[in-house]
Amino acid sequence: MNNIHSWDGKCPEVDLIREVFHYQSRFEGSTMVFKIDYPVTEDPCFTGLVKDLALLSKTGFKVIIVPGAKEHIDTVLKQHNIETSYFDSSARNDIPIRLTTSQAIPYVEMAAFNAASRFMTFLSGSRVEALVGNFVRARGLGVVDGIDTEHTGTVDKIYADSLNKVLNLGMIPILPCIGWSPSGKPYNVPSDEIALAVSKELGAVKLFIISANDGSAAKNLNLNIYKENQTDKIETRQNGSLIRLTPCQTQGIIEANSKPSIESKQILQELKLALMASKAGINRIHIVDGREEGAVLKELFSNLGIGTMVYADDYDSVRAFHSRDLPDILRLMEPLMQNGILVRRSAEQIQEKKNDYSVLEIDGSVRACGALHDWGEGQGEIAAVATDPQYTDLGLGRKIVGYLIEKAGKNKMRRVFVLTIKTQDWFEALGFKEVQVESLPEKRRMVYDQSRKSKVFALEL
């Protein structure tokens, strides 16, 4: 039986526990940077978010927090009748920069440290020590596009040694959006820039951009980007939020939305930061809604996640079957075999034909499988295709079948075919056309099970 199927798993809790242990062992001792927008700190879920960060620190992860303070600074300056303004700079990817005057900088410092102290307060409640410190050496931007930026600064250096000492003591360093020159002059530095610089300097494995939006504004974006004269498909959820992107796709979206709507400006700014982080060598950047309970844990300890991931490493890949994959393949296929959707295959039968099988991995875990059997006469059968039901939105079936079709072409086959009793529409969407059983290779016709009455669909290569 050859099909693409999903299954309403019987033990999702067990799968989740496995994923948690997998990630725990993989990332323990790694540095993760969390850039958290200020509105998140005013949400009822903020206490839960801080508890989750404390939990990560307690279980061996090195956590760094970079609090955003933009909205709080705006409020404080308004309370003291100090005007504030922003300007766009091509040097900062056209991201708005606050013009911080000599009159404003004392209040900007006060607001920035107040925002940082919120984390200190709640972390102490979780019995995790934290430290707000001057880990950023800054220098002034000077005159930009004819504008004297005064106390608006940029990162000159990250004091990595000091940060590592704090992290090795099991503490969480908190970096407000303030940096100081060697002479002690304060500068207002964008938290985005600090998060990026810290991630790069300390070799963070992940940068989390925790915002106060659910990502649904992405539905207002133009996602029709192209690669090698073909549409580069962008994976989205039902609410329009983006699931995962390569740096190339991220760049394409940014370029295709040079004049964004008001609703989509925030997500584009987050994508710009994610792209800069990727170019700086951060393999994975996660954009999540901090107002969702357990958002960080769901994103971190689940291959599927709940936010948007920009990834530069091998997040998913299709490869040849190894004997160690046998338990995973049987796990994917068993419920389908029980329901009669797939023909029953034993471990011995799979091992006997192991060179025919391929698997699709996501973060080191097998999430789909399939086989290509050579029946001679230039024809191959795509069979035993099964996917993890938790990953139906990612198009794993199309990927594994596409890989098998490409493999058939490399093996000089002129045609591939499938036998199915359930998913003919799905295969037709891939370009397969129904054919007669008599068109099958002679060896395959001899073992065709008349009782199943499987339909045959073929694709000419």
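This is a predicted model: local features need pLDDT of at least 70, side-chain atom pairs count only at pLDDT 80 or more; totals for chains, interfaces and linings use all residues.
Reader: Which residues touch the most other members of the largest nonpolar core?
Author: In soluble globular proteins, nonpolar side chains tend to be buried together. Here the largest nonpolar core has 44 residues. The members that touch the most others are Leu 175, Ile 253 and Leu 271.

Reader: Which residues does Ile 253 touch, not counting residues up to four places away in sequence?
Author: A contact requires heavy atoms within 4.5 Å. Among the residues that Ile 253 touches are Leu 221, Leu 223 and Ile 225.

Reader: How many residues form the second, separate core?
Author: Val 40, Leu 49, Ile 65 and Leu 300 are included in this second core. Its number of residues is 26.

Reader: How many aromatic pairs does a search of the whole structure find?
Author: One of the pairs joins Phe 46 and Phe 122. The search of the whole structure gives a total of seven.

Reader: What is the arrangement of the rings of Phe 46 and Phe 122?
Author: Phe 46 lies in helix H3 and Phe 122 in helix H5, 76 residues apart, so the pair links distant parts of the chain. The ring centres are 5.3 Å apart, and the planes stand at 90°. Planes over 60 degrees apart meet the cut-off, and therefore the pair is edge-to-face.

Reader: Is Phe 46 buried or exposed?
Author: The cut-off for a buried residue is under 20% relative accessible area. Phe 46 has a relative accessibility of 2%, and therefore it counts as buried.

Reader: Where does Glu 377 lie?
Author: Most residues other than glycine have a negative phi. Glu 377, however, has a positive phi of about 60°. Its position is the loop between strand E21 and strand E22.

Reader: What is the relative accessible area of Ala 384?
Author: Ala 384 also has a positive phi, near 55°. This residue lies in strand E22. Ala 384 is buried, and its relative accessible area is 0%.

Terms used. Residues are numbered from 1 along each chain as its sequence is written. Side-chain values use heavy atoms; hydrogens and water are left out. Helices (H or I, at least four residues) and strands (E, at least two) are DSSP runs, numbered from the N terminus. Buried means under 20% relative accessible area, exposed over 50%, partly exposed in between (1.4 Å probe, protein chains only). A nonpolar core is a set of buried Ala, Val, Leu, Ile, Met, Phe, Trp, Tyr and Cys residues joined through side-chain atoms within 4.5 Å. Rings of Phe, Tyr and Trp (its six-membered ring) pair if their centres lie within 6.5 Å; planes under 30 degrees apart count as stacked, over 60 as edge-to-face and the rest as tilted.
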